[in-house]
Amino acid sequence: SSGINAEWPLRPGGMPHKVYHGKTGRVYNVTKRAVGVIVNKRVRGSILAKKINLRVEHISHSKCRDDFLNRVVKNELVKKEAKASGVFVCTRRAPVNPRSAHTVKGKGISVEEVCPIRYEFIA
């Protein structure tokens with residue numbers, strides 16, 4: 001997968017449309033100076049798979065899969081160690097718990113109560 005960056009190139013060439021800036025797509029074709037990418041585009045209510053050709057300056061390799069691959073390698077090591085020691089280990093990701101309640105204190109700052117001012121009708 002590759003990310004699309006519509007930044008002004010140093011030399012003349014085509015610019016991707018603003019709709020595709022920041023989108024992630026799948027490379028399906030490679031030529032000398034350009035790359036064919038399949039990108040999802042929202043048109044009114046539906047999502048269409050569009051094939052666009054982009055110059056190499058406008059794409060970057062997506063890093064979203066790197067975290068997954070690193071986690072797979074780490075989980076395999078943890079499983080191997082757990083199997084050797086005979087202990088069960090859960091490799092699933094756990095959601096982050098909310099932070100515990102605390103009072104915010106400032107140095108030399110007094111607590112100020114804020115309340116709305118009563119509306120007075122002046123005729």
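Q: What makes the contact of Glu76 with Lys79 a salt bridge?
A: The closest N and O atoms of Glu76 and Lys79 are 3.8 Å apart. A salt bridge is a side-chain nitrogen of Lys or Arg within 4 Å of a carboxyl oxygen of Asp or Glu, so the pair qualifies in this predicted model.

Q: Where do Glu76 and Lys79 stand relative to each other in helix H1?
A: They are 3 residues apart in H1, which means about one helical turn separates them. Helices here are DSSP runs (H or I, at least four residues), strands are runs of E with at least two, and both are numbered from the N terminus.

Q: Why is Glu76 called partly exposed?
A: Its relative accessibility is 45%. Buried means under 20% relative accessible area and exposed means over 50%, with partly exposed in between (1.4 Å probe, protein chains only), so Glu76 falls in the middle class. Lys79, at 42%, is partly exposed too.

Q: What are the ground rules behind these values?
A: Residues are numbered from 1 along each chain as its sequence is written, and side-chain values use heavy atoms, with hydrogens and water left out. The model is predicted, so local features need pLDDT of at least 70 and side-chain atom pairs count only at pLDDT 80 or more, while totals for chains, interfaces and linings use all residues.

Q: How many salt bridges does a search of the whole structure find?
A: It finds 2. Besides the Glu76 and Lys79 pair, the side chains of Arg55 and Glu57 meet at 3.1 Å, N to O. Glu57 is partly exposed, with a relative accessible area of 34%.

Q: What makes Phe68, Leu69 and Val72 a patch?
A: These three form a nonpolar surface patch of about 220 Å². Patches are made of residues with over 30% relative accessible area and no salt bridge; like charges are joined within 9 Å, and nonpolar side chains (Val, Leu, Ile, Met, Phe, Trp, Tyr) within 5 Å. Accessible areas come from the Shrake-Rupley method with a 1.4 Å probe, and for residues only the protein chains shown count as cover. Leu69, in H1 (residues 64–85), has 41% relative accessibility, so Leu69 passes the 30% cut-off.

Q: How many disulfides are found in the whole structure?
A: The search gives 0. Cys64 is exposed at 55% relative accessible area, and Cys115 is exposed at 61%.

Q: Why are strands S3 and S4 called paired?
A: They are joined by 10 bridges and run antiparallel. Pairing asks that DSSP find at least two bridges between two strands, so S3 and S4 qualify. Gly36 stands opposite Asn53 in S4.

Q: What about S2, which pairs with S3 (residues 34–43)?
A: That antiparallel pairing has 4 bridges, and Asn29 stands opposite Gly36 in S3. S2 and S3 form a hairpin with 3 residues between them. Strand S1 (residues 2–4) is joined to S2 (residues 24–30) by 2 bridges, also antiparallel, so this pair meets the requirement of at least two.

Q: What makes Arg44 worth a look?
A: Arg44 has a positive phi of about 55 degrees although it is not a glycine. It sits in the turn of the S3 and S4 hairpin, where 2 residues lie between the strands. At 79% relative accessibility, Arg44 is exposed.

Methods: A disulfide is a pair of cysteine sulfur atoms within 2.5 Å.
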